[in-house]
Amino acid sequence: MNSSLLIVIVVIAVVAFAAIAFAIMRKRRSQKLRERFGPEYDRVVRNEGDVRKGEGVLAFREKRHEKFKLLPLSAEDRSSYLHRWNDVQSRFVDDPKGAVTLADSLVTEAMQARGYPMGDFEQRAADLSVDYPVVVENYRGAHEIVIRHNRGQASTEDLRKAMVHYRTLFQELLGEHREEKLGEHHEEKRSA
């Protein structure tokens with residue numbers, strides 16, 4: 001066999017191997033991002049109009065998130081927030097608009113207490129999406145209702161939905177659902 005032909009075959013094999021390895025790495029990265037971000041992955045890719053751009057946005061969010069110094073709330077702070085949330089909820093019957101405004105403020109305050117940076121709404125939602133990729137859509141929904149409310153375009157039923165959305169995120173921020181899930185996970189392990 002001619003040495004030139006052998007060199008060409010080796011080069012083609014190396015290029016083919018590199019292309020296959022690159023494709024596998026991209027597929028794994030896509031799978032990892034899809035698993036981590038769930039429905040947020042699809043939303044970002046759709047908004048960016050391109051998988052590669054969307055995945056770049058999500059990877060950037062992860063890198064940014066690594067710099068945060070997020071802390072769990074103390075039992076005392078958690079109890080205080082829960083008490084304040086119950087007050088906000090009880091106001092809804094008499095003052096739905098005021099209750100939603102207070103709920104928005106309380107969620108923002110809880111985010112800040114946990115250590116999330118306080119940028120504009122879109123940045124806060126992007127930051128939350130790393131830890132709460134499913135619930136962040138509730139946050140966006142509540143925010144949209146608040147915007148419509150400010151224009152006089154939200155009904156009392158819309159405001160009720162906003163409260164439900166805020167409550168879901170609020171519970172996550174306080175760690176209520178995670179503790180429940182942890183408890184369920186430990187119970188499943190014990191019974192297995």
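**Charged pairs**

Trainee: Is E157 buried, partly exposed or exposed?

Mentor: E157 counts as partly exposed, at 38% relative accessibility. In these terms, buried is under 20% relative accessible area, exposed is over 50%, and partly exposed lies in between, with a 1.4 Å probe and protein chains only.

Trainee: What should I bear in mind about the source?

Mentor: This is a predicted model, in which local features need pLDDT of at least 70 and side-chain atom pairs count only at pLDDT 80 or more, while totals for chains, interfaces and linings use all residues. Residues are numbered from 1 along each chain as its sequence is written, and side-chain values use heavy atoms, with hydrogens and water left out.

Trainee: Which residue forms a salt bridge with E157?

Mentor: The partner is R160, with the closest N and O atoms 2.7 Å apart. A salt bridge here is a side-chain nitrogen of Lys or Arg within 4 Å of a carboxyl oxygen of Asp or Glu. R160 also counts as partly exposed, at 38% relative accessibility. Because E157 and R160 are three residues apart in helix α8, about one helical turn separates them. Helices are DSSP runs (H or I, at least four residues), strands likewise (E, at least two), numbered from the N terminus.

Trainee: How many salt bridges does the structure hold?

Mentor: It holds twelve. One of them pairs D158 with R148, the closest N and O atoms being 3.2 Å apart. D158 lies in helix α8 and R148 in helix α7, so this pair ties together parts ten residues apart in sequence. D158 counts as buried, at 16% relative accessibility, whereas R148 counts as partly exposed, at 25%.

**Helix α8 and the cores**

Trainee: Turning to α8, how far apart are its end C-alpha atoms?

Mentor: They are 26 Å apart, which agrees with the 27 Å that the 19 residues of helix α8 (residues 156-174) should span at 1.5 Å a residue. The expected span is 1.5 Å times one less than the number of residues. After α8 comes G175, whose phi is positive, near 85°.

Trainee: Which residues touch the most other members of the largest nonpolar core?

Mentor: L128, Y139, Y166 and L173 do, in a core of 33 residues. A nonpolar core is a set of buried Ala, Val, Leu, Ile, Met, Phe, Trp, Tyr and Cys residues joined through side-chain atoms within 4.5 Å. Helix α8 gives the largest share of this core, eight residues.

Trainee: And what does Y166 touch?

Mentor: Leaving aside neighbours within four places in sequence, Y166 is in contact (heavy atoms within 4.5 Å) with several residues, including W85, V100, Y139 and H143. A second, separate core of seven residues includes F37, Y41, V44 and L58.
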